Protein chains: 2
Amino acid sequence: MTWETYLVEHQSQYQDELLQFLSIPSISSLPAHAVDVQRAAQWVADRLTTAGLEHVQILATGGHPVVYGEWLHAPEKPTVLIYGHFDTQPVDPLALWTHPPFEPTIIEDRVYARGASDDKGNMLTPILGVEALLKTEGALPINVKFFLEGQEEIGSPQLSSFITKHRDLLACDLVLSSDGGQYSEDQPSLMLSAKGLAGMQIDVRGANGDLHSGMYGGAVPNPIHALTAILASLRSPEGKILVEGFYESVLPLSNADRAAIAALPFDVQAYQEKIGVTTLLAEPGYTSQEHLAARPTLEINGIWGGFQGEGVKTVLPAEAHAKITCRLVADQDPVAIIDQIAKHVEKHTPPGVQVVVRALPGAAQPYLIPAEHWGNQAAAAVLEELYGKAPYHRRVGGSIPVCELFLTHLGAYTVGFAFGLEDEQIHAPNEFFRLASFRRGPVAYGKILHRLAHK
Amino acid sequence: MTWETYLVEHQSQYQDELLQFLSIPSISSLPAHAVDVQRAAQWVADRLTTAGLEHVQILATGGHPVVYGEWLHAPEKPTVLIYGHFDTQPVDPLALWTHPPFEPTIIEDRVYARGASDDKGNMLTPILGVEALLKTEGALPINVKFFLEGQEEIGSPQLSSFITKHRDLLACDLVLSSDGGQYSEDQPSLMLSAKGLAGMQIDVRGANGDLHSGMYGGAVPNPIHALTAILASLRSPEGKILVEGFYESVLPLSNADRAAIAALPFDVQAYQEKIGVTTLLAEPGYTSQEHLAARPTLEINGIWGGFQGEGVKTVLPAEAHAKITCRLVADQDPVAIIDQIAKHVEKHTPPGVQVVVRALPGAAQPYLIPAEHWGNQAAAAVLEELYGKAPYHRRVGGSIPVCELFLTHLGAYTVGFAFGLEDEQIHAPNEFFRLASFRRGPVAYGKILHRLAHK
């Protein structure tokens, strides 16, 4: 029996197992569900063992656990670390769910449950692919390690120190991530980059208390005026960031990169209508798509100071504040960026006010995998075989810190290899996963492990 | 008996009457005290009658009443309208009062009570001065009308329409206001000007809802950025307002005006230390004192938009808002100013956002009386006689709408002629009035009425 036939024959069993897995309410953000996260870890460990993985272990992290399993009998072949997570988002607002979130329900070849797409349904597919290979071929074409975590939905607080401590256990040549998705049902995609993040707060102080604007206005520096002058100096109206050195370490876009970005469908009209704006910005020299995908940004996320109520209050306020986040691209560094902005702010602070710029938590390095990396080549070949089309190259505006963690601590790039789709309501009520994707995933994993053997 | 001797002989009676008047809790802002405002009106009307005024009436306004009384038997002589108010501020926080606010208490020649200085103590003094003249000389040197109101502390909402409707009744050559004060116990002052007010709100809208700054940042216009660019364009760092036409109708300061402003004591070091700033601003070409006293200002009173909580929220907000007030000087007009600012904002709005500028309530015209006006000359002569010093010329940063009302509707300037002092806790707990001022006021009024006869 081929491994592919094995997958077909066990489809109904796998579907039952998926429902079982989805019925564990492993919400990592709620302390009351910590025991369910632990149960999900146990379920995953058992499933790895059944699949034929070795040295399967639930490992403590100081927070929610991780599950590890390996098959390392392919000397001379590369080692792949397969990543995914078995924790889920919370379910509120519960009233908006058509079916209880932890009573998985199948309707028209879709399974509805919290975690169905993000990430339990996706996470199971490489385990099933590996099982099919082991049960039919008795071996895997390459070395495989599973590294599945239970704290992704709360920002993986213990993951960085865990990976640092277990560098040898997790050592690998490539990471395949089962957390993510494709462009559409019939269009595959490869994720090339995710942006980094640098967050900061600017606090401006003037007088030692709020003053009467009639009695003091004109002579006493107003921190809101100072703040608006500072903020207005940071960015041009088109969105070019005017901070000295800000673009210094940004890797240039090649013509191929720009062509790949232009190849993604982007209906400006529809995009503008959906969000309700009449024009899009773009840094001079770049399209809006390029700016969204591959250029760094600076956005004021919030601003406040003085009187916010109804009517008039003639106050000259004592303080004003703003929050800013920058999305960074390779090879920008959040610490250096915050330092550059702090210097800029100092230089642009008008007389008479005190200004402090402080870094906020949540900094993330940008991530970029070369388009022609051998991992991407293997993934592209499998996706083209399955979809009949070459994958789009996607660049993500958000941050995916785990990719950067693997690159920094293990020296290994991450290839996103998962089958969720954008409409599957992840983090929202009525999350679902297409069972077609659940059947396709194990096949895709079987194929890519074979491809990677010929690196 | 001279009128001055009459005043001395009746001092103890007048003090008793003041205590009686101060015990009426005529708080105009609290509906439960409307009946007390009415009682105070009746008390004032009775007192005017006793003093010898004629045609004394309590007149309805649609809100709290006004009291009118007249003595008009000096043909060929000018007519003076004497203004004041018999309503008071509320008393909270009550716990901070050493004595109950409506149980007037005399300690060391000061009377402690709500309304003692603002304005009941002051308001009584012209009535007593007029009484002394009438009782001893049988006539007044000029024609006098009393116009005393009961809604000053709530912004005199019905006063404008009342004055418009009763132009003939109130017709006069000059207004003397018993609401206000002097520079210090031994230094008199004349108020030359008060600033007008134009308040507005700027609302900026971008997308139809808050967006993820990672997914949309760089392409979607951010209303906070737009707002900061707009606001930063309004004013130079020194405080010069950059709105086209803003200074067009500002009357220039003469050398004498500037000398009078410079003559007022202004300890920059002490001023800065008190409010906790290290520098003062000043429009180029003007001193900080000139800017405070006699130049228009534009202050952002409040700003808000997006995320104001702890930590980071990567939001690209849908809207941002700011509140602005301008303090205006003669001959600026609040409606024209708001229009100019709206045009400026429109011109400086970056692409991709919608901006609305709307006027807020509370607009006020600026007020300016010529320094050498005959009313000022008479007041200055009396003050110099009483204090042994020429009065300072003061210009007030706040607004005194009633002066502008009299000027617009009656064509008469207002001379502030009152004896409160800045430390008398008006609008605050433990308000008091110096009995020395209560004795000086009637004398001053007797003298000024005589002076004005020789206009």
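# Two chains, one predicted model

UniProt, in an unreviewed entry, puts the feature "domain: Peptidase M20 dimerisation" at residues 193–352 of chain A; its positions follow the numbering used here, feature names are shortened, and annotations may be inferred rather than shown by experiment. This is a predicted model, where local features need pLDDT of at least 70, side-chain atom pairs count only at pLDDT 80 or more, and totals for chains, interfaces and linings use all residues. Residues are numbered from 1 along each chain as its sequence is written, chains are lettered from A and ligands numbered from 1 in the order in which they are written, and side-chain values use heavy atoms, leaving out hydrogens and water.

Biologist: How far apart are the end C-alpha atoms of residues 193–352 of chain A?

Modeller: That span is 32% helix and 22% strand, where helices (H or I, at least four residues) and strands (E, at least two) are DSSP runs numbered from the N terminus. Its end C-alpha atoms are separated by 43 Å.

Biologist: What area is buried between chain B and chain A?

Modeller: Contact (heavy atoms within 4.5 Å) takes in 71 residues from chain B and 71 residues from chain A. Buried area is the accessible area (1.4 Å probe) that two parts lose on being put together, summed over both. Carbon and sulfur atoms give 60% of it here, and the total is about 5500 Å².

Biologist: Which element of chain B gives the most to the side that touches chain A?

Modeller: With ten residues, the top giver is a strand at residues 297–306 of chain B. Five bridges join it, antiparallel, to strand 11 of chain A; two strands pair if DSSP finds at least two bridges between them.

Biologist: Which residue forms a salt bridge with A:R358?

Modeller: The closest N and O atoms of this pair are 3.0 Å apart. A:R358 sits in strand 14 and its partner in strand 9 of chain A, so the pair ties together parts 155 residues apart in sequence. The partner is A:D203.

Definitions and conventions: A salt bridge is a side-chain nitrogen of Lys or Arg within 4 Å of a carboxyl oxygen of Asp or Glu.
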